[in-house]
Amino acid sequence: MRFLRRRKRRACVVGLDGVPFHLLKRLADTSVMPRTAGIIAEGGLRQMRAALPPVSSVSWSSFMTGANPAEHGIFGFTDVAPDSYQLRFPTFGDLAVPTFWDRLGESGLRCTVINQPATYPARRMPGAIVSGFVALQLANSVWPAEHLPALERIGYRIDVDSQKARQDPDGLLDDLEATLETRRQAARYFWERERWGYFQVVVTGTDRLHHFLWSAVEQEDDPRHDRAMSYYRAVDGFIGELWDWFHKEQPAGQEGEGFVLLSDHGFTGVRQDVRLNAWLRESGYLHYAKDDPTSVADIAPGTRAFALDPGRIHVNVKGRFGRGCVEPEDARELRDEIAGRLLQLECDGERAIARVFTREEIFEGHKLDLAPDLVAISRNGFDLKGTTKGSEVCADTHFQGMHTWEDAFVWSRLPVPDEPEIADLAGGIVEWLCG
Amino acid sequence: MAKGFTLWFTGLSASGKSTLAERVRDILLERGMNVEVLDGDVVRQNLSKGLGFSKEDRDINIRRIGFVCNLLTRNDVVAIGAAISPYKAIRDENRRLIGRFVVVYCKCDLDTLKERDPKGLYEKALQGEIKNFTGVSDPYEPPENAEVVVDTAKEDIEASVQKIIATLEQMSYIPATDGRGYSEEEEESIKQRLRDLGYI
């Protein structure tokens, strides 16, 4: 007599960067994404909150750690050095807590992760990883390096050329399709080659499409609408392929178990940029030491607050920043004053700010000292910026889309809270695989 | 915290082990690390003088190099071993002994090696003038668990070196190029990417 071997559980997570709940639902309902429609048909699709502020680096870091930004330490694509105020760019190495992939590794499960933002440079992990945005060189994006030649043979592309996207929208669409195809080939390669228990691939082209060509996604009369839908059909085909590969090896009766679809934030159309540093300057909180500031490093003494992308406001507290001038005991009062005034900010005759959170409301963890004092969330159509360029608070933009906070999505048969946030998902995945 | 480790280059004669070992040594020295190279050819002239090329003698030679690498590694030195080391069992023995052990497999096809043949050894081996010549008349067991595989027939030296350095950085055996994680040039590239998407 032989002992029955318990079949090991596996999980496959497909990330669609910047795809809002309402859009995914509509594309599924209108047959643009038939495979996705089939997957979500029996329920389980939920609207989900992104991390705050709602940018990929923060949200995906919250996903991969299951932690609050004040625990994992990633608050944006940029930070400032406290002494010099020079911008710095957090790396994967700045993540202050382990990923749930590390935890799975400790349980003997190998993970394959492809193209998740905020994982550059690639580092040793239990399995294999290919870094996503802001990955620079492919050689530093792949762990272990033995996979590099295969990715080079595929002609793997980390990202589309966003620099050209604005001038050449049709070129962007070509680039999106080609990049997705190399992502698909890389997924196939790792699927077959790696002995994984957890597999994750993130499509970031959706976010790029929305930034530059949101109207092509939303407006049926847009000249590029058909091509935008064609891209979504290709994304749907990829999701379908992953579903099929996954279920080839799943026991009967477990359809969909362990398969997760999610996005890291939502998207909507943009009408105007709202330059928070210009507003802080106009409101008397910020002064520059020169006429043409290039970053917050150019603030003058006496500056009481400054902003970083996308809606982060730091009070320039003495002892926390090199040129800090606000006494720590006055910081809270100043912060509340700024929050109150910010809510009155108008662009285009409309209130631009929907909510302003204080750090204590949304952040909790040992990195709280690094967190912004305020995080503002705009109303749809007004994109918050931390640029130091320009003196106009409300300005036109060449982008068509902007991130939203409350309109990400998740589809999963694993337990998910009623009002999920992206950091909630890690626990359920680990529990499913190791519990 | 331990700083030492052993970087072990394995591959057929003329596959580029010594060249890469020297390049990597120079980079690590520039980064302020203590580095020693134990090159198979050099070791055979002193530490292993008198040993031949039978399997037994080869095993003794590789064990000796492994022994010295272990001493260096545990004293926070980066030990670079560059030897054909054809047999998996002895390489694995060294891995077990040393622990912080990174294998670089210098892969190269025989035709390219014959073309290179800087010491004329392949020609002599093929004519039967040299016995027990690895890859011709003696086996080579490619590593299955190498941390880095460089294909020196296809890659240029710099690409292979970058791959090795990147792996050592990823394994946290050596610090990244810059304390903040990015060089100035890389920061400029990142800024541009973030600007392109309206993130700064």
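The side chains of R320(A) and D373(A) meet in a salt bridge, 2.8 Å from N to O; a salt bridge here is a side-chain nitrogen of Lys or Arg within 4 Å of a carboxyl oxygen of Asp or Glu. R320(A) lies in the loop between β13 (312-315) and α12 (328-342) of chain A and D373(A) in the loop between α13 (359-362) and β17 (374-378) of chain A, so the pair ties together parts that are 53 residues apart in sequence. Helices (H or I, at least four residues) and strands (E, at least two) are DSSP runs, numbered from the N terminus. R320(A) is partly exposed, with a relative accessible area of 24%, while D373(A) counts as buried at 4%. Buried means under 20% relative accessible area, exposed over 50%, and partly exposed in between (1.4 Å probe, protein chains only).

This is a predicted model, in which local features need pLDDT of at least 70 and side-chain atom pairs count only at pLDDT 80 or more, while totals for chains, interfaces and linings use all residues. Residues are numbered from 1 along each chain as its sequence is written, chains are lettered from A and ligands numbered from 1 in the order in which they are written, and side-chain values use heavy atoms, with hydrogens and water left out.

Over all chains the count comes to 44 salt bridges.

| Pair | N to O distance |
|---|---|
| R320(A) and D373(A) | 2.8 Å |
| D102(A) and R123(A) | 3.8 Å |
| R25(B) and D26(B) | 3.3 Å |

In chain B, R25(B) is partly exposed with a relative accessible area of 27%, and D26(B) is partly exposed at 31%. Salt bridges with shared partners join R332(A), R335(A), D336(A) and E360(A) into one network.

Chain A also has an open sheet of eight strands with mixed pairing, in the order β2-β21-β9-β1-β8-β5-β6-β7. β2 (45-48) and β7 (142-143) of chain A stand at the edges, each with a single partner strand, so one side of each is left without a neighbour in the sheet. Two strands pair if DSSP finds at least two bridges between them.

Within this sheet, six of the six residues of β8(A) (198-203) are buried. One face carries Y198(A), Q200(A) and V202(A), the other F199(A), V201(A) and V203(A). β1 (residues 11-16) of chain A pairs with β8(A) in the parallel sense over six bridges, and G15(A) stands opposite V202(A). β5 (residues 111-116) of chain A and β8(A) are also parallel, over four bridges, with Q200(A) as the bridge partner of V113(A).
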